[in-house]
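I opened the notebook with the sequence and the model side by side, and I noted what I looked up, entry by entry.

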Amino acid sequence: MSPEKMVYMANQIATFFKSQRGSDQAERIAAHLKDFWEPRMREQLIAHVETGGAGLDATVIEAARRL
Amino acid sequence: MNVHAGTPHADLIDGRKVADARHDDRDMGTPPKTGKPVTLTIDGFEVTVPEGTSVMRASMEAGIQIPRLCATDMVDAFGSCRLCMVEIEGRRGTPASCTTPVAPGMVVHTQTGKVQKLRKGVMELYISDHPLDCLTCSANGDCELQTQAGAVGLRDVRYTAPQAPVLANHFSARDTSGEANPLYKAKDSSNPYFTYDPAKCIVCSRCVRACEEVQGTFALTIEGRGFDSRVSPGAAFDDFLSSDCVSCGACVQACPTATLQEKSVIEKGTPTRSVVTTCAYCGVGCSFKAELNGDELVRMVPYKDGKANRGHSCVKGRFAYGYASHKDRILSPMIRDRIDEPWREVSWKEALTFAANRMRGIQEAYGPKSIGVITSSRCTNEETFLVQKLARAVFGNNNTDTCARVCHSPTGYGLGQTFGTSAGTQDFDSVEKTDVVIVIGANPTDGHPVFGSRLKKRLRQGAKLIVIDPRRIDLVRSAHVEASHHLALRPGTNVAVVTALAHVIVTERLYDEAFIRDRCNWDEFQDYAEFVAEERHSPETTQFLTGVPAEELRAAARLFATGGNGAIYYGLGVTEHSQGSTTVMAIANLAMLTGNIGREGVGVNPLRGQNNVQGSCDMGSFPHELPGYRHVKLPEVRAIFEKAWGVTIDPEPGLRIPNMLDAAVDGTFRGLYCQGEDILQSDPDTKHVAAGLAAMDCVIVHDLFLNETANYAHVFLPGSSFLEKDGTFTNAERRINRVRKVMAPKNGYADWEITQMLANAMGAEWSYEHPSEIMAEIAATTPSFANVTYELLEQKGSVQWPCNDANPDGTPLMHVEGFVRGKGRFILTEYVATDEKTGPRFPLLLTTGRILSQYNVGAQTRRTDNVIWHDADRLEVHPHDAEQRGIKEGDWVKLASRSGETTLKAKITDRVSPGVVYTTFHHPDTQANVITTDYSDWATNCPEYKVTAVQVSPSNGPTDWQEDYAAQATRSRRILPAAE
């Protein structure tokens, strides 16, 4: 998928989990990505993070590092 | 008319013939009652029935049929025909048994000389104004007037109609001198499916009462008085087609003569056998008797014992079955090397070998995860189970998804997170105990018409209604129904509105603390209460973004919290948003907050779009879940299937439909088996879907017709209709209903057989001989289906899952003692505005939906006479917006978004608010999804169909894209003659 779409979808997930109470948002985002994103989507996200993670919410970047 | 076909339905299970002797389908004359037992004596026989039961019904219970004409058990007793009179000891006169309730110790005589003589006289009067053309009448042998004339022993009619000064009967077009009879009305054949012949009408009012009591449309009335009384559709000069009639068929069902008669019966004759089966349209899952002559379907009659529909139907299930024998149906397999080539008809073996080789070739070149499947929400549970099994056990991946991705996947996520399971909490009967109903993002009278009628009946009894919808749906105000509150919100603001409702309930302390303390996590509730109580969630603050006046919303919240049993029914107007899952959770929060879970009359009820959306989800169609909603990551769950199937199951989730298409464009997903879905027409952003399909090396379409997706297919496997196979559907209330084979598959095989042949062509060794064997495998591997067998379904008619040792009779109501997940979980629902925003280029918001007469992408209903009501998609535009753009009723308009543009005709209406336009997606020449975008729900990727920023402008006709698409579709559908 296009990097823009991937970034947008990941940030949407972050927006939801960041609205929840607690301090484990990155962990919960990572869990959601593991549960619902097919490996090649996660690999694309990880690769994007490794090249700077342009456009990604900071919590997504933190989550991606836990994948 | 309620006909008992001569032969009870029969079915083969494991080669054994099982007769249908379980269900009493007789017309008992008046509706059943509940009450304490009352014992009386009828013709010397003692009978005990519930208090309130009519003498007529009690008599039927005792096996004694009292003659009747105006009585039928689908409507309340009326007492007009006077044929059912009886004598009761100690009472004067001859009371009508239909309107006389039983009493303890009552002694009734149904066949005294006095009542026999009176009945004969009454019948003689009826017959004196009825044509005596029984032998050539379409209802011959199926006419209650004829039957009752025989029952009362009528042998002669002494009365003849006066000829002067004018002829005084209703059935002769002319008198003996050739003068026109002013009382005669010609037959009305305007409705495509049934005729109204006033000459045969006995004015029993059964049709009028059925239209009122059962359907709730009030389209029919009795015009005139005394001898001039006639049944009339709508106003004077209306015919059935121009009237408010919605063609549900209830009047036809109720008619005791040939006055209201199916055209198919007139044409083909009275059916001689019947098979009970389940409708293949919406998620209500109505039971029908398919009535046939030989293997020719004559009509579909709603089955009185069907627990979802209770004997009612809508125009689609009742009449729109002609697609199954439509000339467009493809009955031979076809293949082609490239999608720009014409199709070649080939043998099943050649088609399956071609498909298998291509799919295996793709996997060899691009890896095991380069192919996948889309299961069908229109096919049976057994077929769906096999398709996902094909992906998991034969392809070796979890690339399986279903059309629920684009409709109710947020329901799965949202209810799973809050309650612990992905399903509606109630049965449809529950609505009869409801006091306050919220309908949000659903249009039941059009999308789920039989449930809509049941809801309207409850509203007429006094229940209150809150409608949350951008559009003024019929429920907001129609005959004898008016919503207490219509919250006409701006599209995309569901979360803000539902959270504001919760704000009012929390801040005004209207919540059910005892329920919350007992059934939910109290700490989570406190977090939630603190969250929703913030001023930013108040109606006064949110009204500026939602467009819902604060006082209206506050009143609605108070009504829901304090009005008694509160039930929430929702549809795709909730789920098909970028916050679809969040809205589902907000709805679940609202139900828990008000204690409206776990008993009759309450609950959270997703109205499923297609017939087997619930079932396709139950059967493990999603790429992250095995059957029974268990994640593929769980080793103990995989072990169950690995043992059953003898394979290793991939622990990683597979691709969802949008992800498949993205991966196809990227070149890593190259083969798709698509059963019974038309993703090109139904999925958003058509150009992207087309690009994905065009990029694949092998698209296998398994369908009744060369649908739009098939334009991009390399293999076409002809499918079987719901009339041609055995299996089960699971409806929106989790009810597992049998689908029974009514006739042999016209294409040669049931769909489950075709999937099995494809699997075996790819190296599997499946050997199912009957769908009951597939159900046995489902039950063995899926705890919520553990006790489901075809034998149980034959015995009980249907069961609602969970059906297992803990719930051997099934589960009508969920979460009665506790939530499936233990404690109910409140989740914070922060409103996030969609990024699909209006602006100078696209200043209007488009929302989409469906219409009563059409279904989904229209593949079925467009191939029936239902097109008389809806032959093209129309764009609803508010008069203000139309005026600003110089658009008049019926004008061609261009509808443009950032994704694309199309043209269609305008319908000017204030059903939509200023700034909002609406259309349906039933017609491929419109392709409404060219307009919709790739925005989707954050959790599930369910597309945001319901909010698209658009501009509307006058147009001269189809866009270039529409013309190019039509030409490409025509080229793609070329079929070479079969090789000799």
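What is the strand order of the open sheet of three strands in chain B, and is its pairing parallel or antiparallel? I found the order S11-S12-S13 in chain B, with antiparallel pairing. I keep in mind that this is a predicted model, in which local features need pLDDT of at least 70 and side-chain atom pairs count only at pLDDT 80 or more, while totals for chains, interfaces and linings use all residues. Residues are numbered from 1 along each chain as its sequence is written, chains are lettered from A and ligands numbered from 1 in the order in which they are written, and side-chain values use heavy atoms, with hydrogens and water left out.

**Entry: the three-stranded sheet**

I took strands (E, at least two residues) and helices (H or I, at least four) as DSSP runs numbered from the N terminus, and I counted two strands as paired if DSSP finds at least two bridges between them. Strand S11 (273–278) and strand S13 (296–302) of chain B each have a single partner strand and stand at the edges, so one side of each has no neighbour in the sheet. I noted that the twist averages 30° from one strand to the next, where axes are lines fitted to C-alpha atoms, for helices over the stretch in contact, and angles run from 0 to 180 degrees between N-to-C directions. Strand S12 (residues 287–293) of chain B pairs with S13(B) in the antiparallel sense over six bridges, and there I saw Lys289(B) standing opposite Val301(B).

I next looked up strand S31 (residues 735–739) of chain B, where five of the five residues are buried, so the strand is largely enclosed by the rest of the structure. For this I used the classes buried (under 20% relative accessible area), exposed (over 50%) and partly exposed in between, with a 1.4 Å probe and protein chains only. Arg735(B), Asn737(B) and Val739(B) are buried on one side of S31(B), and Ile736(B) and Arg738(B) are buried on the other. In a regular strand the side chains alternate between the two faces of the sheet.

Strand S30 (residues 727–730) of chain B pairs with S31(B) in the antiparallel sense over four bridges, and Thr730(B) stands opposite Ile736(B). I recorded these two strands as a hairpin with four residues between them, and Arg734(B) in the turn has a positive phi of about 65°. S31(B) also pairs in the antiparallel sense with strand S32 (residues 798–800) of chain B, over three bridges, and in S32(B) the bridge partner of Ile736(B) is Val799(B).

**Entry: Gln426**

Is Gln426(B) buried or exposed? I found that Gln426(B) counts as buried, at 1% relative accessibility, and that it is in the loop between helix H10 (409–418) and strand S18 (436–440) of chain B. Its side chain makes a polar contact of 2.8 Å with the side chain of Thr425(B); a polar contact is a pair of N or O atoms within 3.5 Å, and within protein one must be able to donate a hydrogen and the other to accept it, with residues adjacent in sequence counted only if both atoms are side-chain atoms. A polar atom of the Gln426(B) side chain also lies 3.0 Å from the backbone oxygen of Arg599(B). Leaving out residues up to four places away in sequence, I listed what Gln426(B) touches (contact means heavy atoms within 4.5 Å), including Arg734(B) and Gln800(B).

I found 10 of the 12 residues of H12(B) buried, among them Arg454(B), Lys456(B) and Arg458(B). Just after H12(B), Gly462(B) takes a positive phi of about 125°.

In helix H19 (residues 580–593) of chain B, 14 of the 14 residues are buried. Just after H19(B), Gly595(B) has a positive phi of about 70°.

**Entry: Thr847 and Asp244**

I found Thr847(B) in strand S33 (residues 844–849) of chain B, buried with a relative accessible area of 9%. Asp244(B), in the loop between strand S9 (230–233) and helix H5 (250–254) of chain B, is exposed at 56%.
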